[in-house]
Amino acid sequence: MIKTFVYAYTQVMLIVINTWQIAHQKFLGAVVVGFLISLVWTFNVKRVAFGEWKTRLIYCSGAALGTCSGLFLTTLKYL
């Protein structure tokens with residue numbers, strides 16, 4: 001279950017960072033992070049799509065924390 005949490009956390013954190021990069025035209029960073037999002041996603045698909053509710057809730061928890069971390073890291077890096 002820890003892997004599920006970590007994958008969700010990582011994926012959503014990267015999405016938050018990528019969204020900011022796109023909005024502020026940070027082209028190179030957006031391309032690199034976009035690649036990483038897709039790579040992490042390939043590890044998540046089967047686990048969550050065919051998982052039980054417990055797995056889905058753990059995934060959602062990782063995603064929520066990843067959102068917070070992504071916002072925090074983006075403000076540290078770019079502002």
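Me: Why is Val33 called buried?
Reply: Val33 has a relative accessibility of 10%, and buried means under 20% relative accessible area, exposed over 50% and partly exposed in between (1.4 Å probe, protein chains only). The value falls under the cut-off, so Val33 counts as buried. This is a predicted model, in which local features need pLDDT of at least 70 and side-chain atom pairs count only at pLDDT 80 or more, while totals for chains, interfaces and linings use all residues. Residues are numbered from 1 along each chain as its sequence is written, and side-chain values use heavy atoms, with hydrogens and water left out.

Me: What does Val33 touch, leaving out residues up to four places away in sequence?
Reply: Val33, which is found in helix H2, touches Leu14, Ile17, Asn18 and Gln21. A contact here means heavy atoms within 4.5 Å.

Me: What makes up the largest nonpolar core?
Reply: Six residues make up this core: Met13, Leu14, Ile17, Val33, Ile37 and Val40. Helix H1 (2-23) and helix H2 (27-49) each supply at least two of the core residues. The term nonpolar core stands for a set of buried Ala, Val, Leu, Ile, Met, Phe, Trp, Tyr and Cys residues joined through side-chain atoms within 4.5 Å. For Leu14, the contacts beyond four places in sequence are Val33, Leu36, Ile37 and Val40.

Me: How many helices and strands does the protein chain hold, and how are they assigned?
Reply: The protein chain has three helices and zero strands, and its pattern along the sequence is α-α-α. Helices (H or I, at least four residues) and strands (E, at least two) are DSSP runs, numbered from the N terminus. The C-alpha atoms fill a box of roughly 40 × 20 × 15 Å along the principal axes. Of the 79 residues, 34% count as buried. Among contacts with a separation of 6 or more, 71% are between residues 24 or more positions apart.

Me: Why are H2 and H3 called oblique to each other?
Reply: The axes of H2 and helix H3 (residues 53-78) cross at roughly 140 degrees and come within 9 Å. Axes are lines fitted to C-alpha atoms, for helices over the stretch in contact, and angles run from 0 to 180 degrees between N-to-C directions. Angles under 35 degrees count as roughly parallel, over 145 as roughly antiparallel, 65 to 115 as roughly perpendicular and the rest as oblique. H2 and H3 are therefore oblique to each other.

Me: Which residues of H2 and H3 meet, and how do they divide?
Reply: On the H2 side there are Asn44, Arg47, Val48 and Ala49, and on the H3 side Thr55, Arg56 and Tyr59. The residues of this contact divide into three nonpolar, two polar and two charged. In this division Ala, Val, Leu, Ile, Met, Phe, Trp, Tyr, Cys and Pro count as nonpolar, Asp, Glu, Lys and Arg as charged, and the others, Gly among them, as polar.

Me: Why does Thr55 count as buried?
Reply: Thr55, in helix H3, has a relative accessibility of 9%. That value is under the cut-off for buried. Thr55 touches Met1, Thr4 and Arg47, not counting residues up to four places away in sequence.

Me: How do you know that Gly66 is buried?
Reply: The relative accessible area of Gly66 is 0%, so the residue is buried. Gly66 lies in helix H3. Beyond four places in sequence, Gly66 is in contact with Tyr9, Val12 and Met13. Val31, 35 residues from Gly66 in sequence, is 19 Å from Gly66 in space, C-alpha to C-alpha.

Me: Is Ser69 buried or exposed?
Reply: Ser69 is buried, because its relative accessible area is 15%. Ser69 lies in helix H3 and touches Tyr9 and Met13, not counting residues up to four places away in sequence.

Me: How many disulfides does the structure hold?
Reply: The structure holds zero disulfides. Cys60 is in no disulfide, and the nearest cysteine sulfur, that of Cys68, is 14 Å away. A disulfide is a pair of cysteine sulfur atoms within 2.5 Å. Cys60 has a relative accessible area of 48%, so this residue is partly exposed.

Me: Where is Gln25 found, and why does Gln25 count as exposed?
Reply: Gln25 is found in the loop between H1 and H2. Its relative accessibility is 57%, so Gln25 counts as exposed. Phi of Gln25 is near 55 degrees, a positive value in a residue other than glycine. Most residues other than glycine have a negative phi.
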